[in-house]
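Visitor: I would like to learn how to read a few features of a protein model. Could you walk me through them?

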Amino acid sequence: MENQVNVMPRIGDAAPQFTAVTTQGTINFPDDFKGKWKILFSHPADFTPVCTSEFMTFGTMAKEFEELNCQLVGLSVDGLHSHIAWLRTIKEKIDWKGKKNVEIQFPLVVDVTMNVAKLYGMIQPGESTTSAVRAVFFIDPEDKIRTILYYPLSLGRNFDEIKRVLIGLQTVDNFGVALPADWRPGDEVIVPPAGSCGVAKERMEGVDKELHCYDWFFCTKQISKAEVESKLGK
């Protein structure tokens, strides 16, 4: 059907599997990257300015994501020759905000058929029927989808936030905590809610000196930036 809407996978789902040609050869996703975090992100089209700015940013940050044990995988509905020509143009011609000679070494999926974009719900007809929106899927080492971000065609992504989300997810897993609004490494983290009236009472009486309780259900503790960073990439 022309206006068929594909339902995107949800947080907590297993990442849908696909095999695809990319600028780095054929990949089997997510199987080829077992044990790693994965960020699968789509962009509307090659040779477009917003996408160019994003790929240059991802390219300059690639080492930072690699150090966090994270594999970047891009996707658009363009063909392989278009991908290659565009990435060469980025490296050889574009100097943007001090970024130049940027070589994109992570895979860029060829998806002319839009099969992968549809599999992940990246085609949203209200925005475009022929281009993928700016989707970002965070997938953990067990191949489970943990976070999904969606941006329209006209708005470039916030890459500080993308990196913060990845670090936050790893911190949640490493320490068994939740994270408050605007959390950054070194900020207080939220401990699990009290599981009984007795624990709630103890918390409000200040029995556990490591906790700072705003109320019985809202308690935090300090985890240093060094502690957080020592476990990143796991």
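Visitor: How much space lies in the largest pocket?

Guide: A pocket is found on a 1 Å grid over the protein atoms alone, as an open set of points where a 1.4 Å probe fits, with protein on both sides within 12 Å along at least five of seven lines. Grid points are joined across faces, edges and corners, and the volume is the space filled by probe spheres set on the points. Here the largest pocket holds about 260 Å³. This is a predicted model, where local features need pLDDT of at least 70 and side-chain atom pairs count only at pLDDT 80 or more, while totals for chains, interfaces and linings use all residues. Residues are numbered from 1 along each chain as its sequence is written, and side-chain values use heavy atoms, with hydrogens and water left out.

Visitor: Which element gives the most to the lining of that pocket?

Guide: Lining residues have an atom within 4 Å of a point; helices (H or I, at least four residues) and strands (E, at least two) are DSSP runs, numbered from the N terminus. In this model α1 gives the most, with four residues. Both α1 (49-67) and β4 (70-76) give two or more. The lining includes K36, E66, C70 and F106.

Visitor: How should I read an aromatic pair, and how many are there?

Guide: A pair of aromatic rings is described by the distance of the centres and the angle of the planes. Rings of Phe, Tyr and Trp (its six-membered ring) pair if their centres lie within 6.5 Å; planes under 30 degrees apart are stacked, over 60 edge-to-face, and the rest tilted. The count here is 16 aromatic pairs. One of them is Y120 with F137, edge-to-face at 5.0 Å centre to centre and 75° between the planes. This pair links distant parts of the chain, 17 residues apart: Y120 is in the loop between α3 (115-119) and β6 (134-139), and F137 is in strand β6. Ring pairs also link F41, F55, F58, F65, W86, F106 and F159 into a cluster.

Visitor: Why does R157 count as buried?

Guide: Buried means under 20% relative accessible area, exposed over 50%, partly exposed in between (1.4 Å probe, protein chains only). R157 counts as buried because its relative accessibility is 6%. The residue sits in the loop between β7 (145-151) and α4 (159-175).
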